Amino acid sequence: MQMQRVEKMEWHACLDEYEKLLFRMNTPRVVIDNGVCPAATIVKVDSARKHGILLEAVQILTDLNLSVKKANISSDGRWSMDVYHVTDQNGKKLTDESVISYMEQSLGTIHFTRTSDYTGVTALELTGTDRVGLLSEVFAVLADLQCDIVEAKVWTHNGRIASLIYVKDCNSGSPIEDSQQIDTIEARLRNVLKGDNDIRSAKTTVSLAVTHTERRLHQIMFVDRDYEREPVLQRNGDSPVVTVQHCERDYSIVNIECKDRTKLLFDVVCTLTDMEYVVFHATIDTTGDRASLEFFIKHMDGTPINSEAERQRVILCLQAAVERRASEGVRLELCTADRPGLLAEVTRTFRENGLNVTRAEISTTLDTALNVFYVTDAAGNPADPKIIEAVRQGIGLSELQVKEMPLIYDRSPEREGEEAVGVAGAVLLSLGSLVRRNLYNLGLIRSFS
C-alpha cells in the first residue's frame with residue numbers, strides 16, 4: 001500500500017510538471033525593456049510556433065499605432081523568438097504605463113482565441129470600380145435607408161475600391177438583422193457600385209460576423225485581384241521594390257525596399273499569412289524614411305516557392321499590399337458633432353468640387369465624428385489648394401482641417417511654394433487625435449477630449 005501511494009504521488013507530480021510545460025508552451029513570454037536602446041522600446045516575445053501567431057503579435061502593435069523601427073524574427077523548431085524595436089507616432093519610446101501593460105497582457109495571450117471588437121453592428125463589405133463621387137453615392141444611399149454609420153474604412157488601389165462599413169439601424173440603434181431590409185441595402189448599394197460599366201465585379205455583402213477590419217480589407221482586395229490591374233496613378237520612383245529568390249536550405253527569400261510608414265509590417269505579414277506562407281526568419285530595418293524587409297518563407301507543407309509564375313504572383317501581391325495603404329493626396333481631418341447624413345453631406349461637397357477620396361477612416365466616439373479623408377483631383381493628381389480651401393469654407397474651417405500634404409508626388413519648387421501658400425496655417429502631421437481615440441476605445445484613457 002505504501003508503495004502504491006508513493007507511485008500515485010509521483011504520477012501526480014509528473015502530471016503537474018506536464019501541465020506546467022503545456023501552460024508554458026501555450027503562454028508566450030513577453031519582456032518589454034526601455035533601458036537597452038536609447039531610441040526605442042524593446043519588445044521581446046518568446047512562444048511556441050503556430051501559424052498566424054506572428055500576424056497576431058504584429059496586429060497588436062499595429063492597433064496601438066506603434067511604429068516598428070527594427071525587428072528580428074526567428075523560428076527554431078517549435079519555438080519562435082521575436083524582438084521588436086517600437087516607438088510611438090512621435091518617434092519616442094513608450095512611457096505610458098497603461099499602454100505598456102495592455103501590450104504586455106495582449107501579447108501574452110495571443111495563443112488564445114480573440115473576440116471581435118465590433119459587437120452590436122452589421123458589417124457591409126463593398127467592392128467595385130473606383131470613380132469620383134462613388135463614396136458620396138454610397139453614403140447617400142445608407143442615409144436614405146436609415147443606416148447609422150458607426151465606423152468605416154475605405155481603400156482604393158489600381159482603380160478598385162474596397163470598403164468595410166459598420167452600421168446600425170438609426171431608429172432602434174440595433175444591428176440590422178431583418179432579411180428584407182438587408183436585401184434592400186444590398187440591392188441599392190450594388191446598383192451604385194455597378195455604375196455604367198462594372199456589372200460583373202461590383203459586390204456587396206452584409207454580415208454580422210466581423211474579422212479584423214484591415215486584414216479583411218486586404219482579403220477583399222486580394223480576392224478582387226487588384227494586384228493584376230494596371231495602376232491609375234504612377235508613383236514617380238516611389239513604388240516598392242520586391243524580389244523573391246531561392247535559398248540553399250529550401251527557403252524562399254523575399255526582400256522589400258520601400259518608403260517606411262505606419263503599419264507597413266502588418267500589411268506585409270498579413271498578406272504572406274493569408275497566402276498561406278510561413279515566415280521562419282525575418283529582419284526589418286528602417287533608416288530615415290526608408291524601410292528594408294527580408295523574409296525567409298515556405299509553404300505550410302515546408303516547400304519553397306517552386307515556379308516562376310508563383311514567384312511573380314508573390315511579387316505583385318506584396319507590391320499591392322504595400323501600396324494599398326500608401327497615402328495618396330491631401331489628408332483632411334473632420335472632427336465635429338455627429339449627426340444623421342453627415343458623411344453624405346461632406347462627401348457630396350468633395351464630389352461637387354471634383355475631389356476624389358482615395359482612402360478614408362470613419363469613426364464615432366461619444367457622439368463625436370472623427371473622419372479622415374485623403375483626396376486628390378479627378379485624375380489622381382494633387383488637388384488644387386484653392387479648391388481645398390473652398391471645400392473647407394463650405395464645410396467649416398474649424399471642423400475640416402488640412403493635416404498632411406502629399407509627399408509621394410514629384411513637384412517643382414514653384415509648385416511646392418504655391419501649395420504652401422494655399423494651405424497656410426495647416427499642420428503637416430497630426431496623429432494625436434487618432435491616438436487618443438484608439439486609447440479611449442481600448443479603455444486606456446477616460447476622456448477622448
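Predicted model: local features only at pLDDT ≥ 70, side-chain atom pairs only at ≥ 80, totals over all residues.

User: Where is Thr-62 found?

Analyst: Thr-62 sits in helix α2.

User: And is Thr-62 buried or exposed?

Analyst: Buried: the relative accessible area of Thr-62 is 5%, and the cut-off for buried is under 20%.

User: OK, so which helix does α2 cross at roughly 155°?

Analyst: That would be α7, residues 264-274. The axes of α2 (residues 53-63) and α7 come within 9 Å. Angles over 145 degrees count as roughly antiparallel, so α2 and α7 are roughly antiparallel to each other.

User: Is the crossing of α2 and α7 left-handed or right-handed?

Analyst: Left-handed. On the α2 side the contact uses Leu-54, Leu-55, Val-58, Gln-59 and Thr-62, and α7 brings Leu-265, Phe-266, Val-269, Cys-270 and Thr-273.

User: How do the residues of that α2 and α7 contact divide by class?

Analyst: Seven are nonpolar, three are polar and none is charged.

User: Let's zoom in on Leu-55. What is Leu-55 in contact with, leaving aside its neighbours within four places?

Analyst: Leu-55 touches Arg-215, Phe-266, Val-269, Cys-270 and Thr-273. Leu-55 lies in α2 and counts as buried, at 1% relative accessibility.

User: How many residues apart along the chain are Leu-55 and Cys-270?

Analyst: They are 215 residues apart, and their C-alpha atoms are separated by 6.1 Å.

User: Arg-215 turned up in that list for Leu-55. Which helix contact is Arg-215 part of?

Analyst: The one between α6 and α7. From α6 the contact has Glu-214, Arg-215, His-218 and Gln-219; from α7 it has Phe-266, Asp-267, Cys-270, Thr-271, Thr-273 and Asp-274. By class that gives two nonpolar, four polar and four charged residues.

User: What's the angle between α6 and α7?

Analyst: About 55°, with the axes 10 Å apart; α6 covers residues 213-223. That angle makes α6 oblique to α7, and their crossing is right-handed.

User: Different pair now. How do α4 and α5 cross?

Analyst: At roughly 160°, and their axes come within 10 Å. Helix α4 is residues 134-144 and helix α5 is residues 179-194. That makes α4 roughly antiparallel to α5, and α4 passes α5 in a right-handed crossing.

User: Which residues make the contact of α4 and α5?

Analyst: For α4, Leu-134, Glu-137, Val-138, Val-141, Leu-142 and Asp-144. For α5, Ile-185, Arg-188, Leu-189, Val-192 and Leu-193. Eight residues of that contact are nonpolar, none is polar and three are charged.

User: Buried or exposed?

Analyst: Arg-225 is partly exposed, with a relative accessible area of 42%. Asp-367 is exposed, with 65%.

User: And what's in β15 itself?

Analyst: Val-372 is one of the residues in that strand, which covers residues 368-377. Val-372 is buried, at 1% relative accessible area. Leu-400 is 28 residues from Val-372 in sequence, and their C-alpha atoms are 9.5 Å apart in space.

User: Last bit, the whole chain. How many helices and strands?

Analyst: There are 12 helices and 16 strands. The chain has 449 residues, and 49% of them are buried.

Note on methods: Residues numbered from 1 in each chain as written. Heavy atoms only, no water. Axes fitted to C-alpha atoms, helices over the stretch in contact; angles between N-to-C directions. Helix = DSSP H or I, 4+ residues; strand = E, 2+ residues; numbered from the N terminus. Parallel < 35°, antiparallel > 145°, perpendicular 65-115°, else oblique. Left-handed = near helix turned anticlockwise from the far one by under 90°. Contact = heavy atoms within 4.5 Å. Nonpolar A, V, L, I, M, F, W, Y, C, P; charged D, E, K, R; others polar. Buried < 20%, exposed > 50% of the residue type's maximum accessible area, 1.4 Å probe, protein only.
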